[in-house]
Amino acid sequence: MTKTKLEELQKTALKVREHIIRMSTDGGCFIGASLSCTDLIVYLYNNFLNINKDNLNDQNRDYFFLSKGHDVPALYGTLAERGFFNPERLKNHLKTTDFIYWHPNVNIPGIEFHSGSLGHLLSVSIGVAMDCKLRNHKNKVVVILGDGELNEGSNWEGALVAASKKLDNLIAVIDRNKFQANIETEDLIKLEPLAEKFKAFGWGVKTADGHDFRSLERAFSKFPIIEKKPNLVIANTIRGKGLPSIQARADRWFVNFTHEEIEMLLEELHGHEKARIQSEPLMVR
Amino acid sequence: MTYEDVLKELVQEDERFIVMTAENRVAIRNLPLLIGDRFIDTGITEQTLIGSAAGLALRGRVPIVHALATFLTMRGFEFIRTDVGIGNLPVKLVGGVPGFLSEANGPTHQAVEDISLMRGIPNINIFCPADEEDMIICLKKVLESPSPFYIRYTNQAPLVKHSDDFEIGKAEVVSDTGEITILVYGILFNQAYIAKSILENEGKTVRLVNIRTPKPVDEKAILESVNISNLIVTLEDHFLTGGLYSIVAETLLNNKITATVLPIALENKWFKPALFNDVLEYEGFTGEKIAKRILDKLK
């Protein structure tokens, strides 16, 4: 990856993070989960997927599904930066006049399918991948799964089916931020050894640093990882990445910040003083 | 023409159709050889079956999905509601051995709340054929409709020749006048027909309506029944809650009218597992027992 490309990706990711921070007030959003997969989504749309605002009706384009739908601010920010819609539209977050809420809605250009209930879009992606195979299309189907989401049994059903159907055009990416809602994954439902689990299920597996664009480039350089096997990229990430004041904290999954805190967080994102946060987090446990 | 013939023809004529199953091939055993890669078996995975059917539909396909009615509608319920229902995708869900057809399998296999569950999901319609012939007459229109559909599959032999005048949302009025109306969907149609003959031998007149699509229901046929008859009987192999009795109640209330209605359904219990005819006998759903319940009501 050239230095220019790298800087371009970093610059876009910074803008997407700004969008996410601005969406975390006046009702809030799942900021922690959104920041963990920001670099991943920015990388995919800018350097990997053949999807743009003009080819959405082309059956030969790639497909992208966000199964852990609560991190949709990262996707909306990326789509806005990629010109799928005007970034000004993000100001409609949580307004009844638009469709931008805490989970994806297909009325927003670039959203393939709604999600929010965990454990659904691996199987939907499997259907899309099966049809691409049936029609002999050479496109790729990418689905981002949360690591906490892997608690849902439907993912393991899907893992069996994808391997049995030899869906080597399917690429699942796990946003491995090591948290479920408010608890660390390994403290509640253990996932490790995660790579070995998927390998045993018949998948080709690669691991990457989900915040290092060069590492992502290496992981996404060649598919299928193994002939006739579905692909898994485990992207190691940090919840809340980019904001040291909320980074890797169990209680910063969903937050509704004050306008003042938003300004401090934007400053913090750009390397200035750490924000002093007083808003109470949402805890499901 | 058989069920398989209809599917084979549709798949061969129209590239949108895909036949899928969660390893339940009873109704479609010969299709893998006939339609090749347009037949997809996901194994015993109702969630993945329905989710992947939604994915195929996103690519323009019309998946015709097969599994036992209980597991399809209940194990897969949230996938139906969330992927097929919210997405309003043209997925056709075919439930095997619904209602009394699960015979001796026991309550785990008794889909007797399937109509209630499926009709509660916006966008999803329901087709319950009386018998195999009725199913074949209506099937093509149901499968070609842009709506998602839940279908109660049956291979029951017909007792009557059905009208081939079918539209979605239109009931088949088998006999149109009578002091009693029997409204029925699905396999109990034959028992309703037998009950009708018995009642006629007792000097009664019976209007018989085969509902065909409980959703969208033929409101006009229900309202006409209330105008024509003194007693309305709803007959179904389903819980009393949420099925045809509820549909009729909602329809009448919606039109600010009331009627004398005798519901014949499973009242808050699963049925005794046994062979089909023994289930009908034990639970009081044979033509004879239905006729007796109606005569008792008239006393």
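Across all chains of this predicted model, 20 aromatic pairs turn up. Take A:Phe198 and A:Trp203: their ring centres sit 5.4 Å apart and their planes meet at 80 degrees, so this pair counts as edge-to-face. The cut-off behind that label is an angle over 60 degrees between the planes. Both partners are tucked away from the surface: A:Phe198 is buried, with a relative accessible area of 2%, and A:Trp203 is buried too, at 1%. Anything under 20% goes down as buried.

Aromatic residues in chain A also gather in a group. A:Phe30, A:Trp102, A:Trp253 and A:Phe254 make up one aromatic cluster.

In the case of A:Tyr63, the charged end of A:Arg61 sits over the ring, 4.3 Å from its centre. Another arginine, A:Arg89, lies over the face of A:Phe85, and here the distance to the ring centre is 6.0 Å.

Turning to the inside of the model, a search for cavities of 30 Å³ or more comes back with 1. The largest cavity has a volume of about 40 Å³. Which residues line the largest cavity? They come from chain B: B:Pro98, B:Pro129, B:Arg152, B:Tyr153, B:Thr154, B:Gly186, B:Ile187 and B:Asp237. Sorted by class, that lining has 4 nonpolar residues, joined by 2 polar and 2 charged ones. As for where the lining comes from, domain 1 (3-152) and domain 2 (172-298) of chain B each supply at least three of its residues.

For the complex, the predictor gives an ipTM of 0.96 and a pTM of 0.96.

Methods:
Residues numbered from 1 in each chain as written. Chains lettered and ligands numbered in written order. Predicted model: local features only at pLDDT ≥ 70, side-chain atom pairs only at ≥ 80, totals over all residues. Heavy atoms only, no water. Phe/Tyr/Trp six-rings, centres within 6.5 Å; stacked < 30°, edge-to-face > 60°. Buried < 20%, exposed > 50% of the residue type's maximum accessible area, 1.4 Å probe, protein only. Lys NZ or Arg CZ within 6 Å of the ring centre and 35° of its normal. 1 Å grid on protein atoms, 1.4 Å probe; cavity = no way out; pocket = protein on both sides within 12 Å on 5 of 7 lines; lining within 4 Å. Points joined across faces, edges and corners; volume = space filled by probe spheres on them. Nonpolar A, V, L, I, M, F, W, Y, C, P; charged D, E, K, R; others polar. Domains from an automatic or database assignment.
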